[in-house]
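Trainee: Could you take me through a close look at one part of this model, the place where the two chains meet? I would also like to see how that part sits within the rest of the structure.

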Amino acid sequence: MSLTGLFLTSFLVVHLIGNLQLLKADSGFSFNAYAVFMTTNPLIKTVSWGLYAIIILHAVKGLALAVENKKTRNVKYAVDAGNSNSHWTSRNMGILGTIILAFIVVHMSDFWFSYKFGETPWKKYTIEFANPEQINVEEISGVTKSVNIVSETHQVLIAKDLYLKVKETFSNVIFVIFYVLSMFAIMFHLWHGFASAFQSLGINHPKYNPLIRSLGIVMAVIVPLAFAIIPVYMFLN
Amino acid sequence: MKLTLKIWRQNNTQTKGELKTYQVDNITDDMSFLEMIDVLNEGLVQKNEGPVAFDHDCREGICGMCSMVINGKPHGPSDAVTTCQLHMREFKDGDTIFIEPFRANAFPVLKDLVVDRGAFDRIQQAGGFVSVNTSGNTIDANAIPVPKENADMAFDAATCIGCGACVAACKNSSAMLFVSAKVSQFALLPQGAPERKERVLKMVEQMDKEGFGACTNTGACAAECPKEISLENIARLNREYLSASFSSK
């Protein structure tokens, strides 16, 4: 759980850097260019299949762990100690994980599936390097493959307009709320999970604990909040 | 002080148990929790009812026999004490107190509040010892230099009395805190080095065989431990186990 969990956490950072391109006011040029890079680079493609496998492995292992641990106490206590001796996030990792898994399924079918297999319009971006602020955008059809040509004077990018799909999704308030709530699930999952992963690997040392704690706050609070800001920002714009 | 007690009564391992309600009077602040149950039992015996069975021995917090979950907490509401060290001044007149046995499938209830903690003995027997030559030429332990810091940490781990509160508190009934203390007290000392790898592998194997759950680092064990065994020991157990698994033959 610890190794797969830490890998998935590191992926969140990479994913966030990509998503922050959505905040740029460039008609989706940066974001669509990033999407082309992520779906065509052979190294990234290999890692992404590994990522899908690790998501499944983490979920299956987590489920097995929850089921096995549930079986260890047939007669329950009449009075539960509750939060008096442990943090509620640590006792509800399975539930939080299930919410996150449901989110991943919805999220992947929203964007990943529609990008790869659905009907996504194509855009052609032209940028003159003499005037990089000016991005010329036009809708084109009949394209089957993305193109990115960089010459000395200009860049031409032909890409599926995932930006438009994201914009459409986040114009729906239901999706915005669902995405923001899911980020809270990730926040609570990592609040326990990040430090717990190190403990499971045997890393609990006075020298490194402050670093793990600080990194844990960044991963569990700042990263999910940054993710959550994007749908809210796009909805308000 | 007058109290209402809801106590788990169960005849034996095979039968089902239930919570029964008792009233107890004339309890003073300076009584220990076990003395309060003694008062209850005297009354029950006078009424020709069976007394509540509970484990106890030294009544000074070092034997690890007392084993009760009081209002959802092993050894009751106070920190770093066993049930025998818990005073009735922690409760108020008119309180209702729930008293249950340590609950885990690995600790079957023998009668009422008495559970079988033989699983801990079997884990110890699997490797929680140092093989010492007792043929008459035993070397003085103090002849081997030990850094003070390690000696202190080993001593802290060795204060575990094996009461099982960690298992009772854990939502997974995990015995990791107990096993980690027993592994740590030797892993930190040169005397424990010859059997280091074998010890951790065998003790963990026995722990799993006994049906304890897996650790998910909730920390409830360390919070409830009457001897304040730290979670650092569990991290050390994980390190010991990982390194022994990689390098064992």
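Mentor: Happy to. A residue counts as buried when its relative accessible area is under 20%. By that cut-off, buried residues make up 41% of the 237 residues in chain A, and 50% of the 249 residues of chain B. Please keep in mind that this is a predicted model.

Chain A has eight helices and four strands, and along the sequence they follow the pattern α-α-α-α-α-β-β-β-β-α-α-α. Its C-alpha trace spans about 70 × 40 × 35 Å along the principal axes. Chain B has eight helices and seven strands, and its C-alpha atoms fill a box of roughly 60 × 35 × 35 Å.

Now to the interface itself. On the side of chain B, 38 residues are in contact with 24 residues of chain A. The area buried between chain B and chain A is about 2400 Å², with carbon and sulfur atoms giving 49% of that area. Three residues stand out here: B:Arg103, B:Asn105 and B:Asn217 supply 23% of the area that chain B buries against chain A, more than any other three residues.

What kinds of polar pairing cross this boundary? Between chain B and chain A there are 26 residue pairs in polar contact, with both residues at pLDDT 80 or more. Strand E5 (96-100), helix H4 (165-169), helix H7 (220-224) and helix H8 (232-247) of chain B each give two or more residues to the side that touches chain A. H8(B) gives the most, with six residues. By class, that side of chain B has 19 nonpolar, twelve polar and seven charged residues.

The side chains of B:Arg196 and B:Glu240 meet at 2.6 Å, N to O. This pair links distant parts of the chain, with B:Arg196 in helix H6 (residues 196-209) and B:Glu240 in helix H8, 44 residues apart. B:Glu240 counts as buried because its relative accessible area is 9%, whereas B:Arg196, at 35%, is partly exposed.

Helix H6 of chain B holds another such pair. B:Glu198 and B:Lys202 lie four residues apart there, about one turn of the helix, and their side chains form a salt bridge at 3.2 Å, N to O. B:Glu198 is partly exposed at 44% relative accessibility, and B:Lys202 is partly exposed at 38%. A further salt bridge joins B:Glu195 and B:Arg199 at 3.8 Å, N to O. Here B:Glu195 counts as buried at 18% relative accessibility, and B:Arg199 counts as buried at 2%. A search of the whole structure finds twelve salt bridges over all chains.

To finish, here is what lies inside the chains. The largest nonpolar core has 42 residues, and A:Leu22, A:Phe31, A:Leu162, A:Val166, A:Phe170 and A:Met234 touch the most other members. H7(A) gives the largest share of this core, ten residues. Leaving aside neighbours within four places in sequence, A:Leu22 is in contact with A:Phe31, A:Tyr163, A:Val166, A:Ile230 and A:Met234. A second, separate core of 37 residues includes B:Ile161, B:Cys163, B:Ala168 and B:Ile234.

Key. Residues numbered from 1 in each chain as written. Chains lettered and ligands numbered in written order. Heavy atoms only, no water. Contact = heavy atoms within 4.5 Å. Buried area = accessible area lost by both parts, 1.4 Å probe. Polar contact = N/O pair within 3.5 Å; in protein donor to acceptor, adjacent residues only side chain to side chain. Nonpolar A, V, L, I, M, F, W, Y, C, P; charged D, E, K, R; others polar. Core = buried A, V, L, I, M, F, W, Y, C linked by side-chain atoms within 4.5 Å. Buried < 20%, exposed > 50% of the residue type's maximum accessible area, 1.4 Å probe, protein only. Salt bridge = Lys/Arg side-chain N within 4 Å of Asp/Glu carboxyl O.
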